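Open your viewer and get ready to click along. We will go from one selection to the next and say what is there each time.

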Amino acid sequence: MKLFDVYPVNNISIEKAKGSYVWDDKGEQYLDLYGGHAVISIGHTHPHYVERVTNQLNKVGFYSNSVKMPLQEELAEKLGRISGKPDYQLFLISSGAEANENALKLASFYNGRKKIIAFKKSFHGRTSLAVAATDNPSIVAPVNQTGNIIFLPFNDVAALEACFAEQGPAISSVIIEGIQGVGGINVASESFLQTIRRLCDQHNAVYIADSVQCGYGRTGKFFSHDFAGVNADIYTMAKGMGNGFPVAGIIIAPHLQPKHGMLGTTFGGNHLACAAALAVLEVIEKDNLMRNAAEIGQYLMDELKKIPQLQNVRGRGLMIGFDVPEQYKDLRKNLLWKHKIFTGEAKPNVIRLLPSLALRKQDADLLLEAIKEEIQVGAEA
Ligand SMILES: Cc1ncc(COP(=O)(O)O)c(C=O)c1O
């Protein structure tokens with residue numbers, strides 16, 4: 001059987017991983033500043049994570065939501081406390097798209113409306129509503145097309161106000177990434193998020209904070225949306241939540257009063273998923289990883305800004321992007337093949353950094369040295 005061709009593949013086969021490093025089948029070491037699409041939050045094969053997941057697997061790996069789940073209670077308590085949203089309800093699923101799908105659906109259950117505001121360059125996943133709210137027509141199948149999504153320009157307060165003035169009573173929800181990831185590391189302004197909050201309050205619409213990529217401590221705050229100082233009604237999370245184990249969640253503000261039967265799942269919140277998610281939160285807390293993300297992220301960003309050839313260095317914490325001018329268009333390739341450093345990209349010319357939140361200064365320095373060397377080589381060419 002042939003494999004379905006999912007993504008462009010680097011010809012590297014990873015066999016071992018630890019912290020911010022991975023090794024291929026030839027024993028070659030790579031610095032991982034991408035974490036497999038922003039998933040590795042506490043570092044590869046963290047000993048506490050391995051121990052907790054292994055112990056759980058030896059006890060019971062899976063049972064469905066038809067029995068009591070003390071591990072889910074423990075996770076909800078810890079997540080509520082660390083995220084600063086203890087009065088929200090947690091619903092557990094297995095992927096980011098599923099989280100957004102359920103959030104959009106719940107919003108519509110809540111206010112009985114159909115229209116969704118999403119933004120240019122957004123990415124919310126590949127399932128039906130999530131992909132419809134994603135600004136990339138090439139991945140929206142005809143069956144996913146709906147007249148219910150309104151795409152507005154990102155960070156444009158006037159456009160948002162005009163849309164609510166015209167269609168307010170029809171708008172069910174507004175979904176926004178705190179920092180657009182796939183779209184190229186675009187930070188939502190605090191005033192824009194505050195405007196979303198105000199307009200959603202005025203019109204009884206639901207503010208959905210897609211925190212799948214930018215959340216879970218990556219920016220130095222638990223949710224990057226928190227920088228605006230206002231709460232969303234639903235936060236969606238996935239990637240960093242399980243450090244590689246497929247676990248995702250939505251947390252729901254009390255006033256939405258979700259009812260039994262509105263949402264459901266077979267795999268969501270199983271024993272192994274909860275053990276993985278608990279291990280991640282325990283390490284984030286014990287090793288102070290949110291503070292590390294803020295400090296090393298700031299250091300990295302400050303140093304990148306000193307390299308004049310890199311344009312528009314931006315982001316927050318350890319979610320950083322910059323534009324690479326045409327002259328250095330092979331930078332990302334050279335970082336990987338010459339310097340053995342994994343980074344991410346966004347079209348057309350953005351390098352995206354999404355390392356583990358435990359990244360050390362000496363690892364950040366390796367990247368900075370490699371970039372400077374490549375810029376030097378590029379300038380001489
Ligand atoms: C902001 C955002 N939302 C949703 C998703 C979809 O997550 P998943 O691939 O787990 O379905 C992604 C994935 O990249 C994402 O970046």
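Which residues are around the ligand? Select Ser 95, Gly 96, Ala 97, Asn 100, Phe 123, His 124, Gly 125, Glu 177, Asp 210, Val 212, Gln 213 and Lys 239; a residue counts as near a molecule if one of its heavy atoms lies within 4 Å of it.

Before going on, note that this is a predicted model: local features need pLDDT of at least 70, side-chain atom pairs count only at pLDDT 80 or more, and totals for chains, interfaces and linings use all residues. Residues are numbered from 1 along each chain as its sequence is written, and side-chain values use heavy atoms, with hydrogens and water left out.

**Stop 1: the ligand**

Keep the ligand in view and pick Gly 96, where a polar backbone atom is 2.8 Å from a ligand oxygen atom. Then click Ala 97: one of its backbone N or O atoms lies 2.8 Å from an oxygen atom of the ligand. At Gln 213, a polar side-chain atom lies 2.8 Å from a ligand oxygen atom. Taken alone, the ligand exposes 390 Å², and the protein buries 81% of that (areas come from the Shrake-Rupley method with a 1.4 Å probe; for residues, only the protein chains shown count as cover).

Now colour helix H4, residues 96-111, which gives the largest share of the shell around the ligand, 3 residues. Helices (H or I, at least four residues) and strands (E, at least two) are DSSP runs, numbered from the N terminus.

**Stop 2**

Select strand S1 (residues 14-18) and S2, which pair in the antiparallel sense over 4 bridges; two strands pair if DSSP finds at least two bridges between them. Lys 18 has Tyr 21 in S2 as its bridge partner. The two strands form a hairpin with 2 residues between them, and Gly 19 in the turn has a positive phi of about 60 degrees.

**Stop 3: the nonpolar core**

Which residues touch the most other members of the largest nonpolar core? Show Ile 117, Phe 119, Ile 196, Leu 300, Leu 304 and Phe 322, out of 84 residues in that core. A nonpolar core is a set of buried (under 20% relative accessible area, 1.4 Å probe, protein chains only) Ala, Val, Leu, Ile, Met, Phe, Trp, Tyr and Cys residues joined through side-chain atoms within 4.5 Å. Finish on helix H8 (residues 271-286), which gives the most to this core, with 11 residues.

Terms used
Buried < 20%, exposed > 50% of the residue type's maximum accessible area, 1.4 Å probe, protein only. Polar contact = N/O pair within 3.5 Å; in protein donor to acceptor, adjacent residues only side chain to side chain.
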